[in-house]
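I opened my notebook to record what I could look up in this structure, one topic at a time.

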Amino acid sequence: MNTEVVQLDPTHLDPVVLRRAAGLLRAGRLVAFPTETVYGLGANALDPTAVRGIFWAKGRPATNPLIVHITDEAQLTKVVASWPPIAHQLAERFWPGPLTLVVPKNPVLPDEVTAGGSTVAVRHPAHPVAQALIQAADVPIAAPSANRSTEISPTRAEHVLKSLGGRIDLILDAGPCPAGIESTVVDLTEDCPRILRPGPITLPMLKATLGPISIVPFASEAPNAPARSPGQMARHYSPRTPLILVTAEQKDCVISNLRDERRNYISWKFPSDPAQAANQLYDVLHRLDEQGYEAILIELPPDTPDWVAVRDRLLRAAQQEQ
Ligand code: TXA
Ligand code: MG
């Protein structure tokens, strides 16, 4: 299959390009598109064959459910069975935006989307291209990050092409994604809301909106615990080059060891602002991974609330293949 890349200016959306992309989605094909977090690989969420295509293209285990992207009430109604008051409250505050809410699934939604589960993850993206595409297609769009399973997530169209070229029909290229890491996922199906994946909407931001309602913070799951969020495998977002994470104190000692071993390493420092670091994270990993180093050395940011999402991605990226 030939994968076409079409450029789209997010400030002057071309209706001809959007109609074509929407037509492909309605015909059961796969289209990669930018969101404010990372590029997504979209398919019509109501078409089980199209959704199976996503799992095939990514090499994703069928047990890992997808996020459904919507832009209005009518689409939301097709996806969810109920919309609890907390969902309403969070959506009012953070949608459109990088927050995904897990709620009971509408039975009409194919089981392929939710990996057979009774809940669905749903989000209203903020990116103008994502919004215009979903509106033009006029169906809810299932979209995981547009990369092969376990590889680094894509924040540019080139990343998508490198990972999925030849396996999908179209990539809409609207430049780099502003946030740079995936949405925060919050499960609303238990008594207390629980953060399943940390992201751009942080715990303090959620707390400020929920007020007296307590929220269970993100916690890395013990290796053998039953997965609450099936996609949160230990190894994820990984470059092929071994990634070594060090604390500030360990850094000099690790570097002198790498020098003694004559290993061709690169040491990389991210900005000290967590949002800026998130914005650069995957792009830097993609670039360094292509440069033939034997190791990538990165200083692990502090264990503080504003760094939770970047630390989570780095820790998973550093896991070696089992
Ligand atoms: O920012 C994002 O969320 C991007 C863009 C494209 O929207 N999408 C994304 O999708 O990161 P993906 O498939 O790479 O990650 C979805 C995560 C996985 O960890 C998955 O297990 C979890 O959401 N998830 C999906 N449905 C779920 C459900 N019903 N219950 C719990 N976790 C769920
Ligand atoms: Mg992903």
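This is a predicted model: local features need pLDDT of at least 70, side-chain atom pairs count only at pLDDT 80 or more; totals for chains, interfaces and linings use all residues.

I looked up the strand order and found ten strands forming an open sheet, S1-S8-S2-S3-S7-S4-S6-S5-S9-S10, with mixed pairing. I then noted that strand S1 (4-7) and strand S10 (194-197) stand at the edges, and because each has a single partner strand, one side of each is left without a neighbour in the sheet. Helix H7 (residues 157-164) packs on this sheet, where it touches S1, S2, S3 and S8, and its direction makes about 165° with that of S8.

Entry 2, one strand pair. I checked strand S5 (residues 99-104) against strand S9 (residues 184-187) and found that they run parallel and are joined by four bridges. Within this pair, valine 102 has aspartate 187 of S9 as its bridge partner.

Which residues of H2 (residues 48-58) are buried? I listed Ala50, Val51, Gly53, Ile54, Phe55, Ala57 and Lys58, and what covers the buried residues includes S3, H5, S7 and H7. At the start of H2, I found a side-chain oxygen of aspartate 47 within 3.0 Å of the backbone nitrogen of threonine 49, while glycine 59, which follows H2, has a positive phi near 65°.

I looked at helix H4 (residues 85-94) and helix H8 (residues 203-210), which pack at an angle of about 120° with their axes 10 Å apart, in a right-handed crossing. Ile86, Gln89, Leu90, Arg93 and Phe94 of H4 meet Met205, Leu206, Thr209 and Leu210 of H8, and I sorted the residues of this contact into six nonpolar, two polar and one charged.

Key. Residues are numbered from 1 along each chain as its sequence is written. Chains are lettered from A and ligands numbered from 1 in the order in which they are written. Side-chain values use heavy atoms; hydrogens and water are left out. Two strands pair if DSSP finds at least two bridges between them. Contact means heavy atoms within 4.5 Å. Axes are lines fitted to C-alpha atoms, for helices over the stretch in contact, and angles run from 0 to 180 degrees between N-to-C directions. Buried means under 20% relative accessible area, exposed over 50%, partly exposed in between (1.4 Å probe, protein chains only). A polar contact is a pair of N or O atoms within 3.5 Å; within protein, one must be able to donate a hydrogen and the other to accept it, and residues adjacent in sequence count only if both atoms are side-chain atoms. A crossing is left-handed if the near helix is turned anticlockwise from the far one by less than a right angle, and right-handed if clockwise. Ala, Val, Leu, Ile, Met, Phe, Trp, Tyr, Cys and Pro count as nonpolar, Asp, Glu, Lys and Arg as charged, and the others, Gly among them, as polar.
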